[in-house]
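Have a look at the model below before reading on. The notes after it are meant to be read with the structure open beside them.

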Amino acid sequence: MQKGSEILLPDGPFTREQAQVVVAAYSNVTIEDDQMTHFRVVVRVDGAMVWRAWNFEPEAGVWLNRYIQKYGVRKP
């Protein structure tokens with residue numbers, strides 16, 4: 001999902017494909033704890049985790065998007 005020039009996740013649960021689009025756009029957002037059917041998206045600043053959420057959490061995208069908007073480092 002795009003808001004202006006930002007690439008973000010949907011507000012609720014999200015798919016692997018949606019997460020991969022976001023991870024491809026930001027250098028400090030990654031997929032971790034990959035269990036194949038579920039996984040976490042993690043936002044880091046200088047290597048320290050600032051937020052993470054499982055893809056199936058009810059408001060996962062709401063919180064991740066807030067941290068991506070604040071700390072996300074767009075790839076060139």
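What follows is a short tour of the core, a few loops and the aromatic rings.

## Ground rules

This is a predicted model, so local features need pLDDT of at least 70 and side-chain atom pairs count only at pLDDT 80 or more, while totals for chains, interfaces and linings use all residues. Residues are numbered from 1 along each chain as its sequence is written, and side-chain values use heavy atoms, with hydrogens and water left out.

Helices (H or I, at least four residues) and strands (E, at least two) are DSSP runs, numbered from the N terminus. Buried means under 20% relative accessible area, exposed over 50%, and partly exposed in between (1.4 Å probe, protein chains only).

## The nonpolar core

Let's start inside. A nonpolar core here is a set of buried Ala, Val, Leu, Ile, Met, Phe, Trp, Tyr and Cys residues joined through side-chain atoms within 4.5 Å. The largest one has 17 residues, and the members that touch the most others are Phe14, Val22, Tyr26, Val29, Val41, Leu64 and Ile68. H1, S4 and helix H2 (60-71) are the elements that give two or more residues to this core. H1 supplies the largest share, with four residues. As background, nonpolar side chains tend to be buried together in soluble globular proteins.

Contact means heavy atoms within 4.5 Å. Not counting residues up to four places away in sequence, Phe14 touches Leu9, Ala19, Phe39, Val41, Trp54, Asn55, Ala60, Gly61 and Leu64. In H1, which spans 16-25, the buried residues are Arg16, Ala19, Val22, Val23 and Ala25. Their cover includes strand S2 (6-7), S3, S4 and H2.

## Asn28, tucked into a loop

Where does Asn28 sit? Asn28 is in the loop between helix H1 and S3, and it is buried, with a relative accessible area of 13%. Leaving aside neighbours within four places in sequence, Asn28 contacts Val42, Val43, Arg44, Tyr71, Gly72 and Val73. Its side chain also reaches the backbone nitrogen of Val73 at 2.9 Å; that is a polar contact, meaning a pair of N or O atoms within 3.5 Å, where within protein one must be able to donate a hydrogen and the other to accept it, and residues adjacent in sequence count only if both atoms are side-chain atoms.

Asn28 and Val45 are 17 residues apart in sequence, yet 6.9 Å apart in space, C-alpha to C-alpha.

## Two aspartates with positive phi

Most residues other than glycine have a negative phi. Asp33 has a positive phi of about 50° although it is not a glycine. Asp33 lies in the loop between strand S3 (29-32) and strand S4 (40-45) and is partly exposed, with a relative accessible area of 37%. Asp46 also has a positive phi, near 50°. Asp46 is in the loop between S4 and strand S5 (48-54), and at 82% relative accessibility it counts as exposed.

Which side chain does Asp33 meet in a polar contact of 2.7 Å? The partner is the side chain of Arg40, a residue of strand S4 that counts as buried at 17% relative accessibility. Leaving aside neighbours within four places in sequence, Arg40 contacts Thr30, Ile31, Glu32, Asp33, Arg52, Ala53 and Trp54.

## Aromatic rings

Now the rings. Rings of Phe, Tyr and Trp (its six-membered ring) pair if their centres lie within 6.5 Å, with planes under 30 degrees apart counted as stacked, over 60 as edge-to-face and the rest as tilted. The count comes to five aromatic pairs. One of them is Trp51 with Trp63, a tilted pair at 6.0 Å centre to centre and 35° between the planes. Trp51 lies in strand S5 and Trp63 in helix H2, so this pair ties together parts that are twelve residues apart in sequence. Trp51 is partly exposed at 29% relative accessibility, and Trp63 is partly exposed at 34%.

Tyr67 and Tyr71 have ring centres 6.2 Å apart and planes at 15°, so that pair is stacked. These two tyrosines are four residues apart in helix H2, about one helical turn. Ring pairs link Trp51, Trp63, Tyr67 and Tyr71 into a cluster.
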